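Hello,

Here is the structure I promised to hand over. Please look through it, then read my notes below.

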Amino acid sequence: MSRPWPDFRPGPLGALKAWWRRRVPRRAEDFTFVPPASSHQQEFETPLPSAVYGLDFQVKLTIVWRLDLATGLRHNSPRSAAIHHVLQRAKEISGKAMLVHHAALQHQLGDELATERQVPGTHVWARAEQVKVSVQEEDLEMARKHIELLRNSTFKLAERDVERAEIRYLRDEVLTDVGTATIWWLQRNGYQVEEAVKLSNHLSELVKIAQRQPATHWAESLVSSVERAMPELEDSHRKDLRQHLAKALSVYGGSRVAAEFADQIGLPAGEQHTNGHV
């Protein structure tokens, strides 16, 4: 009599395999628990600082994070940890950029924040995508003005250095005696000997005027004396010399003396050495 249902009984080989599985116990290490992967994301928008205090980029991005339970670490607020970590990475980059470079910054942030990194001390891994950087038009205009001020300040300082170098050259190397002054005049006026003879009295008076010791500030006298002791000192090293003098004065004379020295000889703000520090 035939069965009213299909015969699903195992064949001889299947029965042998089932018997063997019952005879040989499975080891615990044969079972591996793999935690299910979890991924989260959060859109976030916030200002980011630029290289100029008070002028910020506006950034909008999607922060993506996942939890790695295999690390054995935990954090009570994975979402906050991920957002904070990504923004800290973004600030380290944006804080070195000028506002006018916002277009390039967007690509730089998009590139570097796309790399997934583990939040230190946690089981959270975070990255960012869809990074968009913008700036407000009024902030951008202020940034352009700031750059223009920096450019003008740099040019003025350079012009001042050139003037000082020219004065120092005339006083210390040209108008030291009548002979040197006469040769200097001849070289610049086509070696007109007769004219130079006529001007000899005038050149002599110029030498006397240049060699008078004016009532100069002690800082200028100090710098002048040190530089005369090293006549072959290159112009590129003169600024370093003045900074070293300012540092020495700050150590042995105090911050007030160092500030007076720096102000008198024209050291730019931020390069005055006080208490032994730059």
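Y191 sits in the loop between α5 (178-188) and α6 (193-198). Helices here are DSSP runs of H or I with at least four residues, strands are runs of E with at least two, and both are numbered from the N terminus. The model is predicted: local features need pLDDT of at least 70, side-chain atom pairs count only at pLDDT 80 or more, and totals for chains, interfaces and linings use all residues. Residues are numbered from 1 along each chain as its sequence is written, and side-chain values use heavy atoms, with hydrogens and water left out.

Y191 is not a glycine, yet its phi is positive, about 55°. Most residues other than glycine have a negative phi. Y191 counts as exposed, at 55% relative accessibility. The cut-offs are under 20% relative accessible area for buried, over 50% for exposed, and partly exposed in between (1.4 Å probe, protein chains only).

Q130 is another non-glycine residue with a positive phi, near 55°. Q130 lies in strand β4 (residues 124-134). Q130 is exposed, with a relative accessibility of 55%.

**The chain overall**

The chain has 10 helices and 4 strands. From the N terminus, the order is α-β-β-α-α-β-β-α-α-α-α-α-α-α. Of its 278 residues, 26% count as buried. The chain exposes about 19600 Å², and carbon and sulfur atoms supply 55% of that. Accessible areas come from the Shrake-Rupley method with a 1.4 Å probe; for residues, only the protein chains shown count as cover.

Contacts (heavy atoms within 4.5 Å) were also counted. Among those with a separation of 6 or more, 62% join residues 24 or more positions apart.

T62 belongs to strand β2 (residues 56-67). T62 is buried, at 5% relative accessible area. Leaving out residues up to four places away in sequence, T62 touches Q41, Q42, E43, R127, A128, E129 and Q130. Q130 is thus on the contact list of T62, and Q130 itself is exposed.

E116 is in the loop between α3 (102-112) and β3 (117-118). E116 is partly exposed, with a relative accessible area of 29%. E116 and R66 are 50 residues apart along the chain, and their C-alpha atoms are separated by 9.7 Å.

**Helix α10**

Which residues of α10 are buried? They are V257, A258, F261, A262 and I265. Seen down the axis of α10, these buried residues fall within an arc of 130°, so they line one face of the helix. The arc is taken from the directions from the helix axis to the C-beta atoms. On the other side of α10, R256 and D263 are exposed. The cover over the buried residues of α10 includes α4, α8 and α9. G266 follows α10 and has a positive phi, near 85°.

**Pockets**

A pocket is found on a 1 Å grid over the protein atoms alone, as an open set of points where a 1.4 Å probe fits, with protein on both sides within 12 Å along at least five of seven lines. Lining residues have an atom within 4 Å of a point. Grid points are joined across faces, edges and corners, and a volume is the space filled by probe spheres set on the points.

The largest pocket has a volume of about 590 Å³. It is lined by 23 residues, and R171, T216, E220, S221 and S224 are the closest to its centre. Elements giving two or more residues to this lining are α4 (137-174), α7 (200-211), α8 (218-229) and α10 (255-265). The largest share, 7 residues, comes from α8. The lining divides into 6 nonpolar, 8 polar and 9 charged residues. Nonpolar covers Ala, Val, Leu, Ile, Met, Phe, Trp, Tyr, Cys and Pro; charged covers Asp, Glu, Lys and Arg; the others, Gly among them, are polar.

The second largest pocket holds about 380 Å³ of space. Of its 16 lining residues, D161, D235, R238, K239 and R242 lie nearest its centre. Two or more lining residues come from each of α4 and α9 (235-253). The most come from α4, with 7 residues. This lining divides into 6 nonpolar, 2 polar and 8 charged residues.

Best wishes
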